[in-house]
Each structure stands twice: as structure tokens, then as C-alpha cells.
Amino acid sequence: MQRVTIFGDIHANLPALEAVLGDMEANDLSPLYCLGDLVGYGTFPNEVIETIRERNIPTLMGNYDQGVGNDSDDCGCAYTSPVAEALGKRSIAWTNKNTSADNKLFLRELPAQFPLQLGELRVRLVHGSPRKINEYLFADRPEATLERLLDMAEAEVLVCGHTHIPYHRILPSGRHVVNAGSVGKPKDENPQACYVVLEANNSDLAVTFRRVPYDVERTAQAIEASEMPHEYAQMLRTGTG
């Protein structure tokens, strides 16, 4: 039996990251891999980046990491309304202003994908999809589309993030698509932090999502005490992104 633990979409939520890492340590879960989006929407960008760096956790570049790493005003996000876009512009401006130059350099140098071998299974870790860092792979994607992406990834298991909504789909080919959910900005109406554990016994795969409570108010009140849009605080309380 081989095991790997995968998490991502922390979004500058230090209390959520600390809770998740504590849960992983308490359950002796390793090795760890991060799917990226360390920053944005929350007010602890440097602390989150430095926690990941201190632990030497292999980490992908998320779309928000790409934007902030390059001092861009574009986070590669798909906004559903002009109001959401206006809030998002304020978020990336705040994050650009409050992330150190050294940490921006770290974000710029993150890789786009990781290939892993888990038992007999080839696994590919991506932030959005194998073809685009900010492509949203929601659970209702057509099977044919997901099969093509797995062909592109040359993998039996594709693990992604970016949507902040966890799921596990087994395709007609027997291959797997897993979304790890979000540590710091869940969008499935469950405010608890989320990550995923994969266990392989030869070619058999077990997928376990873990939900971890954390001090949501600490993160929410830090947002409300800053110039970050206060709307993001209430989204954390309700688990609506």
C-alpha cells in the first residue's frame, strides 16, 4: 500500500493551513503535495508561503500565485458578475501590495505540474487542468473531456484543485479524476478545510477526503480589520467561497 496526501487552494488562510498540517501530522500522513494558490482573498500571504517553504512541501503554481508572483492585476479567475470582478481586483491589488518580493520570487518559480507513481498508477497533479492553469474541471464535465485530459496527462489518476469543490469520479476507462477541494476557501457550503488522501494497492485506488475544523473567525476578523473586501469574511463563515 502506497499513500500520498494532497491539498491546495489555501488562499492566504493561515489558521486553516495550520489546522490541516496539524491533522496530517496527528495522522502520520505523508508525503505531502500542494496544488498551489497559496495567496489571494485572505490576509496571511507571507505567513502561508513561509510555512510551505519552511516545510519544503512540493508545491505547484496556481493561477493566483502566477498573478501575484508577476505583480499582475490579473489572477486568471473567472468572475460570475461585475460585482465579483470588482472585489477580485481589490483582492489581488491588496495581495500584490502585501506580499514580499522574496515570496513573489518563490511563487514565480513554482512548477506547473507534478507526475507521481502510486503503486501501479501514474498520477498527475495539476492546479486547474493538464492544459491550462486556470481551467475549471467541475464534477459535471463530460466523461469524454476528462478521458482526453487523462490521455494528455499520460496518467490513470488526475488530481486537480482550482474549483474549491471536492469530488472523485471514476470514468468508464477505470481512470480517476479527483478534486482535492480547498484548504482555505471552500465553496461547497462546508466551511471546514478540505484535503485528500490517496492510497494505492497495486492498481486499486482509495480516495479519502478529510474535513478539518479551524478558527474561521480568526481569518474572517483579520479580513474585516484590513482593506481586503470584507465580503470574503462572510464567504468563509458559510463555506461559499
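Leu17 touches Phe7, Ile10, Val48, Thr51, Ile52 and Val183, where residues up to four places away in sequence are not counted and a contact means heavy atoms within 4.5 Å. Leu17 sits in helix 1 (residues 14-26); helices (H or I, at least four residues) and strands (E, at least two) are DSSP runs, numbered from the N terminus. With a relative accessibility of 0%, Leu17 counts as buried, a class that means under 20% relative accessible area, while exposed means over 50% and partly exposed lies in between (1.4 Å probe, protein chains only). Between Leu17 and Tyr232 there are 215 residues of separation in sequence and 17 Å in space, C-alpha to C-alpha.

The model is a predicted one, in which local features need pLDDT of at least 70 and side-chain atom pairs count only at pLDDT 80 or more, whereas totals for chains, interfaces and linings use all residues. Residues are numbered from 1 along each chain as its sequence is written, and side-chain values use heavy atoms, with hydrogens and water left out.

Seen as a whole, the protein chain has eight helices and nine strands, and its C-alpha atoms fill a box of roughly 50 × 40 × 35 Å along the principal axes. The radius of gyration of the protein chain is 17 Å, which agrees with the value near 18 Å that a compact globule of 241 residues would have; this radius is taken over C-alpha atoms, and the globule rule is 2.2 Å times the number of residues to the power 0.38. Of the 241 residues, 56% count as buried, and among contacts with a separation of 6 or more, residues 24 or more positions apart account for 69%.

Leaving aside neighbours within four places in sequence, Phe106 is in contact with Leu38, Ile49 and Arg53.

Leu118 has Leu121 of strand 4 as its bridge partner, and the two strands form a hairpin with two residues between them, where Gly119 in the turn has a positive phi of about 60 degrees.

Strand 4 is also part of the cover over the buried residues of helix 6, which includes strand 5 (157-160), strand 6 (167-170) and strand 7 (176-179) as well. In helix 6 (residues 143-153) those buried residues are Thr145, Leu146, Glu147, Leu149, Leu150 and Ala153, and the helix is followed by Glu154, whose phi is positive, near 55 degrees.

Some backbone values deserve attention, given that most residues other than glycine have a negative phi, and most peptide bonds are trans. The peptide bond from Ser30 to Pro31 is cis, with omega near -5 degrees, and Pro31 is found in the loop between helix 1 and strand 2 (32-34). Tyr41, in the loop between strand 2 and helix 2 (45-54), has a positive phi of about 75 degrees although it is not a glycine, and Tyr41 counts as buried at 11% relative accessibility. Asn56, in the loop between helix 2 and helix 3 (63-69), has a phi near 55 degrees, but Asn56 is exposed, with a relative accessible area of 65%.

Definitions and conventions. Pairing = 2+ DSSP bridges.
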